[in-house]
Amino acid sequence: MKTIIKNKKIAIIIAIIVVLGTILLGAYHQSVSRYSSKIAVQIDNVEKLSENNFAPQNHVNDYGQWIVLSKNANNKSNLFQMIKMTREYDKKFSKDESEAKKNEKKITDEVNNKWIEIYTQSMLKASESESYGNKITKVWRDAIFENYATVNGKHYTDFQDAIHAFQTQYSNEFSELNSFFQDNIDSANNLSELIRKYFPEKSNRADDLENFAQDVFNFNDEAINPSGSYSTRSSQLSELDTKALSSSQTVGMSF
């Protein structure tokens, strides 16, 4: 009788152990499955972050190393390694994701502001160039068709002397315009480099900006440094003006 009772107790204990083991094993597998899904999501996030131009570049190697370790832990279905890797992710990469978003906003604002500055300043300066260009054309015409041109209170019968006198009178203004449009090309090239680095999908906009800077430079150069003959002056200036205007419309006010 005692033996039967003892055997029943042992059977009950074994049954309890089996039940508990089944419960614990089920809980373990559920945890493995849950952390496996979490690791898969985190790996996807990290892979995207590693390709994000705005993410901290000094951590790129960390991303690759973390992905390898996480995949190994996931493949082995090692719960403790999985827990470790997910915690490592939360610790190491959450700040980087936040920093990437801040960097993106900062650089986007920088590009937009610089874009507007280049566009507006170029248009204002081109307007100055156009005004001086029209005055040079008038001086040129007067010297040829009106017997003389008046520049700074003096009369000139030779159109070359008249144009030279006009350029001398405004030499400081013309020097400033030349410097501006040359610097403007450099500014456009620098901004284009930034765009191609952080916004490669918009590299065509970088091309548009560089073309615009070059076109307004060319217009200014012809406006205040006339070439060719009087008969070709208007058509040359008009052609460059049209090209610069077309470029300005392509560029527009916003990136």
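This is a predicted model: local features need pLDDT of at least 70, side-chain atom pairs count only at pLDDT 80 or more; totals for chains, interfaces and linings use all residues.
Colleague: Let's start with helices. At what angle do α5 and α6 pack?

Modeller: Angles between 65 and 115 degrees count as roughly perpendicular. Here helix α5 (residues 159–169) and helix α6 (residues 171–198) pack at about 75°, with axes 5 Å apart. That makes α5 roughly perpendicular to α6. On the α5 side the contact is made by Phe166, Gln167, Thr168 and Gln169, and on the α6 side by Ser171, Glu173 and Phe174. By class, these residues are two nonpolar, four polar and one charged.

Colleague: And how do α4 and α8 cross?

Modeller: Their axes come within 11 Å and cross at roughly 170°. An angle over 145 degrees counts as roughly antiparallel, and that makes α4 roughly antiparallel to α8. Residues of α4 in this contact include Trp115, Tyr119, Trp140 and Arg141, while Tyr230, Arg233, Asp241, Ser248 and Val251 take part from α8. The contact has nine nonpolar, three polar and four charged residues.

Colleague: Let's turn to charges. How many salt bridges are there?

Modeller: Side chains of opposite charge can pair when their charged atoms come close. The count here is 12 salt bridges. One of them joins Glu117 and Lys114, with the closest N and O atoms 3.7 Å apart. Both residues lie in helix α4, three residues apart, about one turn of the helix. Glu117 is partly exposed at 41% relative accessibility, and Lys114 is partly exposed at 28%.

Colleague: Which helices hold Arg196 and Glu210?

Modeller: Arg196 forms a salt bridge with Glu210, the closest N and O atoms being 3.2 Å apart. Arg196 is in helix α6 and Glu210 in helix α7 (residues 203–224), so the pair ties together parts 14 residues apart in sequence.

Colleague: Which residues are linked in a network of salt bridges?

Modeller: Lys138, Arg141, Asp142 and Glu146 are linked that way. Within it, Glu146 and Arg141 have their closest N and O atoms 3.5 Å apart.

Terms used: Residues are numbered from 1 along each chain as its sequence is written. Side-chain values use heavy atoms; hydrogens and water are left out. Axes are lines fitted to C-alpha atoms, for helices over the stretch in contact, and angles run from 0 to 180 degrees between N-to-C directions. Helices (H or I, at least four residues) and strands (E, at least two) are DSSP runs, numbered from the N terminus. Angles under 35 degrees count as roughly parallel, over 145 as roughly antiparallel, 65 to 115 as roughly perpendicular and the rest as oblique. Contact means heavy atoms within 4.5 Å. Ala, Val, Leu, Ile, Met, Phe, Trp, Tyr, Cys and Pro count as nonpolar, Asp, Glu, Lys and Arg as charged, and the others, Gly among them, as polar. A salt bridge is a side-chain nitrogen of Lys or Arg within 4 Å of a carboxyl oxygen of Asp or Glu. Buried means under 20% relative accessible area, exposed over 50%, partly exposed in between (1.4 Å probe, protein chains only).
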